[in-house]
Structures are given as structure tokens and as C-alpha cells.
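Here is a colleague's note to read alongside the structure. Please keep the viewer open while you go through the points.

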2 protein chains.
Amino acid sequence: MHPVREIAVPGFRGGAVWCGIKKNRKTDLAIVLSDRPCTSDVLFTRNRVVAAPIEWGRGLRSRSALRGVIANSGNANACTGRKGLAAVRKISAEACGKLGLPDESLLVSSTGVIGVPLPEGKILAAIPRLRASLSSEGIQRAGKAILTTDAYPKRAMRKVRVRGGTVTLGGIAKGAGMIAPSMGTMLAYVFTDAAVRSSDLRKAFRGAVARSFHRIVVDGDMSTNDTTAIFANGACGLPSLEGKDLADFAEALHELLLDLALMIVRDGEGATRVVRISITGARSDRAAEAAARAVATSLLVKTAVFGADPNWGRVIAAVGRSGIDMDPARAELSFAGEKVMRRGMVIDRQAERRAAPKIRKEAYGIDVALGLGKGSYFVYFSDLGHGYIRINAGYRT
Amino acid sequence: MHPVREIAVPGFRGGAVWCGIKKNRKTDLAIVLSDRPCTSDVLFTRNRVVAAPIEWGRGLRSRSALRGVIANSGNANACTGRKGLAAVRKISAEACGKLGLPDESLLVSSTGVIGVPLPEGKILAAIPRLRASLSSEGIQRAGKAILTTDAYPKRAMRKVRVRGGTVTLGGIAKGAGMIAPSMGTMLAYVFTDAAVRSSDLRKAFRGAVARSFHRIVVDGDMSTNDTTAIFANGACGLPSLEGKDLADFAEALHELLLDLALMIVRDGEGATRVVRISITGARSDRAAEAAARAVATSLLVKTAVFGADPNWGRVIAAVGRSGIDMDPARAELSFAGEKVMRRGMVIDRQAERRAAPKIRKEAYGIDVALGLGKGSYFVYFSDLGHGYIRINAGYRT
């Protein structure tokens, strides 16, 4: 699940420049643009405190017919008041104007530090250079320019055979910390040359997000800026997807978003491991989800995973405090496929010893079977180590 | 608020021995005992997964008339099934028998590793030595024998003038990690020579716990073993407390428990600072509590506090994701008394600079005023630094 080297989607061009927000001269302004009209969908953070681009984006009438996105990193334009909102409007107007696009046909995103006024002048001045940087190989450069504390860029591709030909999906994302429960500091954009009707695109996209980005947990915080969007421009030349073709497209979209989501959780700030916590046998899916999220956000579990300790006691204690109905005497628990607890009791130290080498790996599963019903849920989470402290205790300084 | 050196409460004796559970030969078996009948009250963890002593304790008919407590450290007797429960019964019977007490007149507690069978033979064999160790100066030795990952013992005392004389309250506690929201891995016992009617004692004790132990957050986990209890033996020789005397006693009890609670949060595993997050102007106290707890458990906030960064953006983002009704444009936020945000916007960098030296201190406050209503709440929380990772990634090994 390493990022693909290049992203190319027919009818889309990308570009990136350094406009002067990041101090280290890394690219900090990105664009991806369709050369023709699209159907689109956008999802924003559920945080009550939202950045200016989110407030602006929620009011966009063109959310289902956007042509692409312009995004800066290094500054979140959050908690910046009316001036921040005015800056988004200026960027939108200037970019659409300079690119010869209809008004409000670009999504505007920002990521980075909260509460510092956005130096929109730097962005506005850089738009001509940004336009000049556009190329059909430029999507991965755009993917790099949106990064902040990420250790590596996230990109993924899928090709889907459909009646009459093939459609392509390409995605870029950024995100490392502040992930969960409803898309952390995360930007993710998907571009496809498929022709998809607006309502079909919306359904496929929201279903795929629910099974990917909403199932990853790094630190349980939720950012003011999270945005994920999809753009479908029909450049493949085929008719709008239907029936099995549409279902195959939706499945490929889900796989692509899961690729990106797992790259994000693996890049959880300072993370060394990714664990899939799966709860089965709960009274309901909702109860299973509450338990899975309690485990995934438990500091004691996350530090035990970092320390490669099969500490199932902390896992079952986290399930116990999640508030769901459970009976420890019916619960079973496995680490990396090795059952270590049965009927709420330790089996023997041998089982833990068998599990020990398996949980030193980069990825494994913890399974809890509650034995009460048919409810199930899983999430992916990262461990908590010294790297997280190092990055987050000094992020702004 | 350093622990008092010695605890002495008329009519109570304490003792401690090493029975062989802890490998480092530190004392691991404690007892505190009244020389006469008491009124008492006990509160247990709300975790669904509870240790054997909690399961046993919940069924005790004598919970309002206990004489004292016997507690071991180094093993939680949790997830140990029927054998664990049988072990508690044996310890209870043997201790009461050897000490010449009525059946089930001692509370039994355990704290330490989960899921390892309790070596109850070591405890049973040590009871004669434990009895021999009893003395009126022994309560602080008992306080040391219940410690696990604690950096220091927690003890506090209060004397209250009442009509006809003075009553004494003495308390011992243990706890460092896994604290919140409903008493973490915490044991806390209060002994008093006051005469208090059972219903009055219960009311005063539960009120004091709600305003102390339930307001501290270390890592948001909740243990399987938390227990707090009070024992009042009337050895002062005065009649049962009433009216203003009872109110003064209740207030002293609250202060004593808050002393112990703050010692615990300051000893949060690896903690360097204690912060009081206070939310005012919420629609309701319940909303204010949800917001305060979201801030107190946010890893991004806790690491910023560790890094002495006045990162109010993370604080307001945590309030925003707590699910409560809020309008960032009406919110104000102060660090250590320095207002850094007004109407959802940064004031200026000067304000942060003024706050900077104040938030390097061991204790300070963060205040968020929402400007919507009269709801308010506060909790105390510790920061998250490398010490927490070091302790918890290697606790069992």
C-alpha cells in the first residue's frame, strides 16, 4: 500500500508552487483542475469551529458542479474571523478569473496553523505562476504541496473496466495527526474521468467515505479544516455509469479511499504500527462502534501497542468503560489471531508468548468477540509513541 | 499541597508488609482498621469490566458498617474469573477471623496488573505479620503499600472544630494513570473519628467525590478496580454531627478529597503540569462538562500543555468537536489569565507572548467563556509527555 509514483487522470491537470507561506521553501500552494465541467461532491468537518474555507464552502451553490480545487498549506485560515472569510472570497474570485473559469467553480482549502491571519496577498500574487505550473503530470506535485506534518505524500489510483472501455480514479490526500472520529486534519481529493450522474456520485462517495476515512483513528481530535471531495469529468468519453459498472466504480472508489485512509493512519504522527480493532457479537453495530472507538482512542491501549505488549487487560477495560452492554464472562479476545482471553479470563501465558512476535509487526488485528448479538464494527488506529509527543509539543514553535 | 508527613486518626491503626507479590520487595499488603464499629460508605468503578474485589464488594451487605480495609498492590485480581472471586472470599474470611472481627467487616481491594491470577496464598500467609504490624502510626505505611506506578504517596489530613471538641479526618490514596472520567485506577480511603449517621455520611461523601475525584483527568481511561471508601468510628466521643457541624465536616471532607485528587492528577504518569480547564457561558452545566472533558482528554491539547505552547486553537477545536452548542464568534479564551482569543479570533501575538512565561508553571488555568448561557464546569487535567509513553509502553515488562 505504498503511494503510487504518479497520478494521471484524463482531462485533469495539476500544479504547485511555493507562494511564501511555508518558511522552508517547500511548495505550499496546489491546484488540480478539470479541463471541462464535472459532477462533484464535497464533505466537510463536523467540528462546530470551522475554518473560513469551510464556512465559505458550505455556502457554495456549486458544490455538485465544481471543476477542481485550489489549496494552501502552512496556514489553516481558521479562527481568523471576517478577514479570513474575505480572503477565501478573494482567492476564489482571483483564481477563477485568472484561469478563465466561471465564478465559484473551484473549491478552496487551507491546512496548517490555526489562528494566524492568512497572508492572502502571497496566494493571490502566486496564481499566475500556479497556472503556469499546470500539467497533466502535476497532480502528484499538488499532492505534495498540501502536506504539513505528513512524513510522506498519500496518493492512490484505480482503473475500472466498464462497458466500452476503462475509467480511471486518482486520489491525493494529506493528514497525519488530529484524525478521528469524523475526518481529522485531512484533505483528500479524488479525480476521475468517469461520467457519473450527480446523485450517483454523491451516493458512491458518501458510502465510500463512511467505510474508509470515518474508520481511522490517530488521536481522536477533529480538525476545523477537514475536507474531502470528488470530481468526475467524463473525459473517458463513455456514457454515465449504470448498473454493474456503477457498482464496480463505487467499489473501486471505496478501495482507493481506504488506501489513502490507511496511508494516513500509518503516518499518524510518530506512529510505528497500525492496528485493526474489530468488535463482533455486540448487541448492535452502534454498540460495536462505541466499543471499537473506545479501544482505538485509549491512551493505555495505544501505548501498549507501541510497546509491543499484548496487554489485553487494557483492551477489555476500554470496552468495559465504553458504556455498551457487555458481560466479561462471555468475551473472547485475540491479538494477531492468537486467542489470549476466553470467558473474561486469561487463558495462559503461552498464548501471550505466541502473540508476542506477531504484534511487533507493522500491522495486525485485535479481535474482541462479545458473544451477545450480531453487532459488529472495526476501525484502524495508530499507536502512540515518543514521536507523537515530539511533533505535537513543538508544532508551532 | 504536599502530602502531610503523618496520618493519625484516633481509634484507627494501620499496617503494611511485603507479602511477595511485588518483585522489588516493596510493601504490597496494607491494612487500616478501626478498633470499634463504624459507619461507612464505598464507591466503586463504573466500568462494566470489574475486578473480583469489586464484584464481591458490590454484593456486600455490610457496606455501610465496615471496620476498615485490606488491600494488596502488584496484582489487580481482574479478569481472573471464579478463582479470583474465591480468592477475595478467602482473604476476607481469613483476615476477619485472624483479627477477631465479625465476618465481612473489612473491605478488600486490589490494584496492579490485570489478568494474572492473584497469588492469594501469599496474602493469606502474611496476615499474621500484617496484624503484628498494626500501630496507630501505621496509616501512612498502609498508604505506601497500595502504590503502583505512583511517583509519591498521597495523604492528607483535616481537623474540624465542632461543638464540644475537634474531629479529625485522615486520607490515603493511590493513582497516577488511567484516571477519568469516573475515578481511574484509584484507591482512596478516608478515616475519621467523627460520629456521623450513615445517611449523613453517605450524602457528604458522595457530594465530595463528585466535586473532587470525578473532576480529574489523566488519560481518560477508567480502571476495573477503582474504589473509594470512608470510615467514621466516633472515637472522638462526641455525639453524631448535625447542622453546621455536619456542614463543616462535609466541607473539610471535600477539601481533603480535593487535596488527594490533585496529588493524583499531578502524579499523572509522566505529568509535568496540572491545568484547570474551566468552561463558562454554556447553555447548561452538562454542556460545559462535555466541553471541559473534551479539552481535558485531547491529546493535542495535552501535548501543547507539555510543550508550554499557548495553543488556544487546539483548545477551541476540542470544544468545537465536543458536540455542544457553541458559536465561535462569541467565544473568549484565556491562558493563565491572559486573554488570547476574543470573538473566535486571535487578539494579537503580544497576548500569547504575555501568557508564555505563565504557562511554563506547574499549575495554571485555561478559561473558555462561550457567551451563550449560564452553564459552567471545570476539571483538572495533566499534560502528556514522554514520561507517560515511557511508563505505559513498558508497564508489564
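Predicted model: local features only at pLDDT ≥ 70, side-chain atom pairs only at ≥ 80, totals over all residues.

The points below cover the domains of chain A, then strands and helices in both chains.

1. Where the domains of chain A touch. Eleven residues of domain 1 of chain A contact eleven residues of domain 2 of chain A. On the domain 1 side, strand S9 (216–217) and helix H6 (243–266) of chain A each supply at least two residues. H6(A) gives the largest share, three residues. By class, this side of domain 1 of chain A has six nonpolar, three polar and two charged residues.

2. Helices H2 and H3 of chain A. Helix H2 (residues 81–98) of chain A packs against helix H3 (residues 120–132) of chain A at an angle of about 15°. Their axes are 10 Å apart. Angles under 35 degrees count as roughly parallel, so H2(A) is roughly parallel to H3(A). The crossing is right-handed.

3. From H2(A) come A:Ala87, A:Lys90, A:Ile91, A:Glu94, A:Ala95 and A:Lys98. They meet A:Glu120, A:Ile123, A:Leu124, A:Ile127, A:Pro128 and A:Arg131 in H3(A). By class, the contact of H2(A) with H3(A) has seven nonpolar, no polar and five charged residues.

4. Strand S12 of chain A. Which strands does S12(A) pair with? Strand S12 (residues 332–335) of chain A pairs with strand S15 (residues 363–369) of chain A in the antiparallel sense, over four bridges. S12(A) also pairs with strand S13 (residues 338–342) of chain A, again antiparallel, over three bridges. S12(A) and S13(A) form a hairpin with two residues between them. In the turn, A:Ala336 has a positive phi of about 50°.

5. The open sheet of chain B. Five strands of chain B run in the order S3-S10-S8-S7-S6, with mixed pairing. Strand S3 (39–44) and strand S6 (154–162) of chain B stand at the edges. Each has a single partner strand, so one side of each is left without a neighbour in the sheet. Neighbouring strands of this sheet are turned by 10° against each other on average, direction ignored. Strand S8 (residues 187–192) and strand S10 (residues 227–232) of chain B pair in the parallel sense over six bridges. B:Tyr189 stands opposite B:Ala229 in S10(B).

6. Helices across that sheet. Helix H5 (residues 198–210) of chain B lies across S3 and S10 of chain B, at about 35° to S3(B). Helix H6 (residues 243–266) of chain B lies across S6, strand S7 (165–174) and S8 of chain B. H6(B) runs at about 165° to S6(B).

7. Helices H8 and H9 of chain B. The axes of helix H8 (residues 299–306) and helix H9 (residues 312–321) of chain B come within 9 Å and cross at roughly 160°. Angles over 145 degrees count as roughly antiparallel, so H8(B) is roughly antiparallel to H9(B). The crossing is left-handed. B:Leu300, B:Val301 and B:Ala304 of H8(B) make the contact with B:Arg314, B:Val315 and B:Ala318 of H9(B). By class, that is five nonpolar, no polar and one charged residues.

Technical notes:
Residues numbered from 1 in each chain as written. Chains lettered and ligands numbered in written order. Axes fitted to C-alpha atoms, helices over the stretch in contact; angles between N-to-C directions. Parallel < 35°, antiparallel > 145°, perpendicular 65-115°, else oblique. Left-handed = near helix turned anticlockwise from the far one by under 90°. Contact = placed C-beta atoms within 7 Å. Nonpolar A, V, L, I, M, F, W, Y, C, P; charged D, E, K, R; others polar. Pairing = 2+ DSSP bridges.
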